Amino acid sequence: MVDDLVSNLSENRPFDAVVQTRFSRRHAMVGGMATAAVAFFGGTQAVGATAAGSAPAMGRRPLIGFSPIELGFGPEPAISDDYEFQTFLAWGEPLEPGMGPFTWPMTSAAEQEKRVGIGHDGMWFFGQDGHGMLCVNHEFGRTSHVLGKPVPESEEDVRIMQAAHGVTVAHVVRRKGIWNIEWSPNNRRIHVNTPVEFSGPVAGSALLHNDAGNEYQGTLNNCANGYTPWGTYLTCEENFNGYFGTTDETWEPTPEQDRYGFNTTGFGYEWFQFDPRFDLADAGHANEANRFGWVVEIDPRKPHVKPTKRTALG
């Protein structure tokens, strides 16, 4: 995988080593506390009470009961007979009334901007009692997935791809146990060409300025997510470096670009062939890459409010 390549060439301790150390310490502390509790309350009595079923072990909850399933792979999820599943909010489902059924491959950016995106990832439901707004990240979708061809062949192809990424905000309703999208003025797609704004310490920085004068636009490679106590959605832009590239053989990454893993080919999307925003050698858009890689706040109930990149969150 392209995004498995190591771009941190420093001698700093990698994050996974930090995590392993933290969890090892936590495990040791928990084990030590359990030993101390047994010694304090009396080992024989504590074990006897648990074995007799008169009291559960401290801090434990009963396991969820369900019929077991056989491991395997198939076109549909393998789930226990105790549960059921439903497919909805699939790629291409319309967000506005009067739209026709989804057909493949996608042939219009204007059409894709009104339909659910591809590559669902993090999501959050803002609602209760079977209805509300569902926000869904669209992290990933190859050109072959969306267009049925290996690389884009025109600016419109790039726009279609860009419209398939980002976030969907959809009003969903459960009726008689079935979930579906229903029309709402709050339904919208937020994609690579959606106007956005910046807040926090980076807002107004010269490192966000492009000589081309293009406005702040877009979110992409939306992976992790969260929500705020005031009812807004947080979506996190992950491997944004993979959408940039160039055909200019004289281009060389700055130390900062090298640290983030920028290179001439990216993940193979080749948007830079038709969109100068994503051309690393285009002087007019030299700081475009700095506009991605942030935590973005979206208000699911205020469609006219621009998504905001909260740079204090990293």
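Good morning. Lys-176 is exposed, with a relative accessible area of 88%. The term exposed stands here for over 50% relative accessible area, buried for under 20%, and partly exposed for what lies in between, with a 1.4 Å probe and protein chains only. Lys-176 sits in the loop between β3 and β4 (178-181), and its phi is near 55°, a positive value in a residue other than glycine.

Some words on the basis of this talk. This is a predicted model, in which local features need pLDDT of at least 70 and side-chain atom pairs count only at pLDDT 80 or more, while totals for chains, interfaces and linings use all residues. Residues are numbered from 1 along each chain as its sequence is written, and side-chain values use heavy atoms, with hydrogens and water left out.

I turn to the chain as a whole. The protein chain has six helices and ten strands; these are DSSP runs numbered from the N terminus, helices being H or I of at least four residues and strands E of at least two. Of the 314 residues in the protein chain, 36% are buried. The chain exposes about 18900 Å², of which carbon and sulfur atoms supply 56%; accessible areas come from the Shrake-Rupley method with a 1.4 Å probe, and for residues only the protein chains shown count as cover. Taking contacts (heavy atoms within 4.5 Å), 63% of those between residues at least 6 apart in sequence join residues at least 24 apart.

Next, the strands. Which strands make up the open sheet, and in what order? Five strands form it, in the order β6-β10-β9-β8-β7, and the pairing is mixed. Its edge strands are β6 (197-199) and β7 (222-227), each pairing on one side only. Two strands are taken to pair if DSSP finds at least two bridges between them. On average, neighbouring strands of this sheet are turned by 30° against each other, direction ignored; the axes are lines fitted to C-alpha atoms, for helices over the stretch in contact, and angles run from 0 to 180 degrees between N-to-C directions. The bridge partner of Asn-225 in β8 is Thr-235.

Elsewhere, strand β1 (residues 120-128) is joined to β2 by seven bridges, and the two run antiparallel. Gly-127 stands opposite Gly-132 in β2. With two residues between them, β1 and β2 form a hairpin, and Asp-129 in the turn has a positive phi of about 55°. Asp-129 counts as exposed because its relative accessibility is 71%. For context, most residues other than glycine have a negative phi, and most peptide bonds are trans. Trp-104 and Pro-105 are joined by a cis peptide bond, with omega about 0°; Pro-105 lies in the loop between α2 and α3.

How much of helix α5 is covered? Helix α5 (residues 155-164) is mostly covered, seven of its ten residues being buried. Among them are Asp-157, Val-158, Ile-160 and Met-161. The cover over these buried residues includes α3, β2 (131-138), α4 (143-147), β3 (166-175) and β5 (188-190). Just after α5, Gly-166 takes a positive phi of about 110°.

I come to the salt bridges, each defined as a side-chain nitrogen of Lys or Arg within 4 Å of a carboxyl oxygen of Asp or Glu. By this rule the count comes to ten salt bridges. Arg-175 pairs with Glu-182, their closest N and O atoms being 2.8 Å apart. Glu-182 counts as partly exposed, at 26% relative accessibility. Glu-288 and Arg-277 form another salt bridge, with closest N and O atoms 3.1 Å apart. Both lie in the loop between α6 (255-260) and β9 (295-298), so this pair ties together parts that are eleven residues apart in sequence. Glu-288 and Arg-277 are both buried. Salt bridges that share partners join Lys-149, Glu-153 and Asp-157 into one network. Within it, the side chains of Lys-149 and Glu-153 meet at 3.3 Å, N to O, and Glu-153 is exposed at 57% relative accessible area.

Gln-217 is buried, at 16% relative accessible area. Leaving aside neighbours within four places in sequence, the contacts of Gln-217 include Val-192, Pro-195, Arg-277 and Phe-292.
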